[in-house]
Amino acid sequence: MLQHKTYTDETFDKGRKDMDSTVVTAVSSHIPSETNELYLHEQAQRHLHSLLTDLGERGLYDAAAQCNRCGYCETSCPTYMLTGREPISARGRNQLVRLLVEGRAKDPSIAAESLSTCLLCGACSSACYAKVPTPDIVLEGRRALDGYGDNFFARAAVKTLLDAPRLFAFWLKLGYLVKKTGLPRLAAKLGIYDFLGMPGLAEAEGAVGHVPLRFAAEILRKDPALHPQGRTSVNWAYFAACGPNYLFTDVALATVRLLRRYSGEGIFIENQCCGLLAHNYGRLEDAREFARRNILRYEELKAVFGDFPVIADCSSCAAFMKSYEQLFTADADWRPRAAAFAAAVKDILEFVPADKLPHAAQAELEKAGKVTYHDSCRACHGQGIRQEPRTALRRLAGKRYTELPESDWCCGGAGAFAFTQPELSSRVLDRKLRNIASVQADTVVVGATSCLIQINHGLKAAFPSARAVHYSSLLDELTAPEAGGGHS
Amino acid sequence: MFKTDRISALKPELEAIVGEGNVRTEEAEILAYSYDAGMAKARPEVVIAFTAPEQVAPVVKILHKAGIPFLPRLAGTNLSGGTIPLKGGAILNLSRLKKIRQIDTAARLALVEPGVVNLELQKALEPYGYFYAPDPASQKVSTIGGNIGENAGGPLCLKYGVTSDNVEKLEVVTPDGEVKTWSYRDPGPDLMSLLVGSEGTLGIVTHAWLKILPIPRYIKTASASFNSMDDAMKAVTRVIGDGMVPRALEAMDSVSLDAALNGKESPFPAGTEAVLIIELDGSDAAKVTRELDDVKKICSSSGCAFFRVAAEESERDLLWQARKGAYPAMARLAPDVLVEDGVVPRPRLPEALRQTREILSKYKLTAGLLFHAGDGNLHPNMVFDRRDIQEVKRVKKAGYEILKSCIALGGTISGEHGIGVEKRVAMNWLYGRAELDFFRRIKEAFDPAGLANPDKILPVASDARGEEPPAGLAERASLSPEARNVVDELRLRARSGAPTAVTGLGTRLKAERIMEGAKPLDLRALRGRAAIDRENLTARVEAGVPLGEFRAQLKEAGLNVELPDLKGSVGGLIASKVFPGLRDVLLGLEVVTADGELLELGGRTVKNVAGYDAVKLFCGSMGAYGVIIAATFALSAGARRQHAAFEEPAAWDAFEPDTLHLRLKRALDPGNLLNPWIYRGLAQ
Ligand SMILES: Cc1cc2nc3c(=O)[nH]c(=O)nc-3n(C[C@H](O)[C@H](O)[C@H](O)COP(=O)(O)OP(=O)(O)OC[C@H]3O[C@@H](n4cnc5c(N)ncnc54)[C@H](O)[C@@H]3O)c2cc1C
Ligand code: SF4
Ligand code: SF4
């Protein structure tokens, strides 16, 4: 990071041209490289100190240099498949960041299009044998872009969420209210959504149909059964992810019901945002602050209850919390604590015990129709969760469950992607919709909030009879005691 | 780097064809197209993306007129620098041309655009019960256009042939922007096959008609592990020598296996040094099972430690995943990997492997060995870090030595990855001056302006300086006295400018066709006994030998050549191309040019993509491009397959030369000395 070593373009060619007959005896040790021309040392705080890759801890340069350009990931990359352009591909993104790090490309702004079009879906890393962490490399590149994470709205939104979550909630509700009263344009004009860092939210909640005026946290907080006071042990702690909390309250409540039904009693952890919003806005230090607060909260509870799993019901959020350690690789104090927290995190998708599930009641099944499962990127690529939810769904829905072709093709929601890259996003979505249509699914089960928004948005326009539902919601519906389920 | 911006002025014109946003010169685009999966790098000046195949020809015309170099690019997974724009110019990005236009199971053809990903085609064919045989390990990403550009192969090519054998017809945009459609069946010299493996230096494929085959009813896959590589190779030689034609016969060493397993539990016992994957197929279940038993017997008597037949599809998938993942998995070991692609005659595999390993240990390199054992095609994957200059040097040196050892063992420098820029130097060792000159003439006939993927395949001046050829490498064929005579005679006639009528047994060429003034050259004397290599399953035979006689000699040795019964001499059959399928078993040719130069083309290996496929060019050349004096054929050991009675086309020499045929003739025989009546209009 400090030394500026550059390797010239001709290294390799020189190697072959001036070969003399001396046989070099030293076996190369692949020593970590300190080269970094991407950003100035003063900016280091805004960046990750190192990346935790499948092959071990690596500096950015070494992580990017691990890509040997084999191209094996290219057909997994949605943006490449749609554009056919190398700079808009996984390999291209890695190479551009590498060139920037090496100082052979001078200005990060040349890579702006390439970096900002990445869905961060991680499909490339799944396809890559070396598991080159392209999404993290892309984010590092983005953080070097001028002004990235510094715009007023992003800063204000993250700060409000961080320091005054209730104020954030207030603004959000105000936004919803304005919308409800039929003045959405006014809301847009007032810039409320922009202020909240969710410029596309206006459209998003259109897709949701109705918006909550009581957020999940407010409801759960009032439920005495979820309080830690007076308990000696807990089986789980529910972490309200922002999506279920602020937008899909029903999902949050369904998750809690499910947890109670199959995993005994637990608590609501009273968490902060996981920090992903700040992270993806390029505000790494804010993301670290969110993480620290969540870790602290967890540690307080752990001191009382010992080990317990932290359950989140948005895969993006769960995947991000599982990667907390990477935020603190240069911080000897927080690193082990982050690792311990991360180890406790579980996605609801992997947590529901399939063997305890009943066969669902006929009427509920009929309502659900043909069921299929969409692998949310942060579940399959981010956490390697593929089998668990399928096992559960097969058990519940039996023959009504169908595999979705290309189920791990990103839906194009990808956090804020749908809002920042609407054109590309809708083309990514189209392919998802075509696949859904090809199996004539009525119910598409997802595990992340942005997929829920995005797929429903697409279905509403193209196949209004089908719907996307969150895993928790469907499981809750199918196993509710009043629905005749609930007995295994 | 480029002093003048030659692109801006053309941009509006180009955009009018391909649309706005598809002519890009931004820095990111330029950088992203300055590398491919190989090691070389160079910056293009512009990247032009296409949305319809029809756009290619007009764009090429513009570039041609402006004198701007160009090269077609697809997935950029080639391993020889084939898509590196050495002279700048334009990258023609064809990756959005990915329509499968037609699947015709009755005609057994699929018509596709070049950007179709190999695996996507396989997926599209599966519901019909068909498959497309070439299956490179990169098939998940590499495309039909790129496969054609490199003449890619895969495990299945042992039985079903490489890309070239599986292409029926091509639509090609020539370097000056003309659209041509060529099939190997067309009368006259085979231009289609010349295009395959030409790495974008002779033209750009815009549509391909591919041969598709019904998926065999029964497929059995087995794996055999050995504690020594030598034992594994022994088993390979014996399986093939026994007359079996496995669908695939692949090998990998423990380094590759470990990388591909990626921490998963190995299905093989500890101490495994080499693993063979053997796959058999057929429509007769009993026969497949019987062959599998035979394979098992051979393996166990060759020291196999563990033999297992995959019980179900998932187990089979796992084996193939390990095999096909072995190359990309090298990325786990180090940031860079250099893969060599030499081929040796199969029986020499153990020697080649031993030498390769010696070279690797001499240079202290880690490498995974991976190879298409059945074809004698070796891939040592050397891992290194290109940021370590010393290591890069060692890798390069080791790579060159490995190639030299392949040449010395009677093999070639590339079986499927192509020459590109990275193996250009080695062309100097493999070929003599005459062959290289011959290739150059082919290139000039197609691309006189030198704009299509310049400086690829053929060595440039600096290559000769770069690395000395090892002494005594290119050993020449030993000619019989009769053949010597033919060479001398042609040399004399070339000097005096006397036209020649090349005559064989007179089976097809009737005396009245022979133009007045052309002096007959009788090849009947070239009738020596075939030189049969029992172990390698190849035979060299002189051109004047009648096919029937050749067959009889093979039969004595318990071998045969898979051709229908045809009349006439071997040379005549090749030159007249009455049976277009002959090219499938033809491996090498010795040809005398109009100047009296002796060329050795192709070789004794079943795979060879070094240089242009001139062997196939001579199929149908009717004696007008050169005089064939000997040929090398691939043989088979088992019982001869059934051949439908073959009906010869009536007018075998009724052919309308294409402009490219004429240009080739002008380049190869400017004085129209050989069979001059065929290109009567040449002078004009
Ligand atoms: C992981 C991995 C495994 C591999 N395994 C194999 C293997 O098993 N067998 C094998 O043979 N190869 C293998 N390769 C090499 C490579 O995949 C092949 O060479 C492949 O055919 C290249 O296809 P592509 O689409 O990437 O073409 P590109 O690399 O883009 O192009 C290849 C060449 O074809 C030319 N070309 C491109 N399009 C056209 C066109 N329309 N008309 C004419 N010329 C054109 C280009 O100019 C270039 O010279 C492997 C590579 C990798 C990275
Ligand atoms: S990211 Fe991995 S799969 Fe993609 S090109 Fe690089 S090494 Fe190959
Ligand atoms: S994260 Fe997704 S969009 Fe980004 S490079 Fe990887 S596959 Fe492509």
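Axes here are lines fitted to C-alpha atoms, for helices over the stretch in contact, and angles run from 0 to 180 degrees between N-to-C directions. Helices (H or I, at least four residues) are DSSP runs, numbered from the N terminus.

Before you click: this is a predicted model, where local features need pLDDT of at least 70 and side-chain atom pairs count only at pLDDT 80 or more, while totals for chains, interfaces and linings use all residues. Residues are numbered from 1 along each chain as its sequence is written, chains are lettered from A and ligands numbered from 1 in the order in which they are written, and side-chain values use heavy atoms, leaving out hydrogens and water.

**Stop one: helices 15 and 21, chain B**

Select residues 433-446 (helix 15) and 659-668 (helix 21) of chain B; their axes come within 9 Å and cross at roughly 140°. That angle makes helix 15 of chain B oblique to helix 21 of chain B, oblique being what is left after roughly parallel (under 35 degrees), roughly antiparallel (over 145) and roughly perpendicular (65 to 115). Now show side chains in contact (heavy atoms within 4.5 Å). From helix 15 of chain B you get B:Phe438, B:Arg441, B:Ile442, B:Ala445 and B:Phe446, facing B:Leu660, B:Arg663, B:Leu664, B:Ala667 and B:Leu668 of helix 21 of chain B. By class that contact has eight nonpolar, no polar and two charged residues. The classes: Ala, Val, Leu, Ile, Met, Phe, Trp, Tyr, Cys and Pro are nonpolar, Asp, Glu, Lys and Arg charged, and the others, Gly among them, polar.

**Stop two: helices 9 and 11, chain B**

Next, pick residues 254-261 (helix 9) and 313-329 (helix 11) of chain B, with axes that come within 8 Å and cross at roughly 90°. So helix 9 of chain B is roughly perpendicular to helix 11 of chain B. Here B:Ser256, B:Ala259 and B:Ala260 of helix 9 meet B:Ala322, B:Gly325, B:Ala326 and B:Ala329 of helix 11. The tally for this contact is five nonpolar, two polar and no charged.

Around ligand 2, look for residues including A:Cys67, A:Cys70, A:Cys73 and A:Cys128, plus A:Arg69 and A:Arg91. That shell splits into six nonpolar, three polar and two charged.

**Last stop: a salt bridge in chain A**

Which residue does A:Glu299 pair with in a salt bridge? Select A:Arg337: the closest N and O atoms are 2.7 Å apart. The partners sit 38 residues apart, A:Glu299 in helix 17 (residues 284-305) and A:Arg337 in helix 20 (residues 334-344) of chain A. With the rule used (a Lys or Arg side-chain nitrogen within 4 Å of an Asp or Glu carboxyl oxygen), the count over all chains comes to 78 salt bridges.

Conventions: Helices (H or I, at least four residues) and strands (E, at least two) are DSSP runs, numbered from the N terminus. A residue is near a molecule or strand if one of its heavy atoms lies within 4 Å of it.
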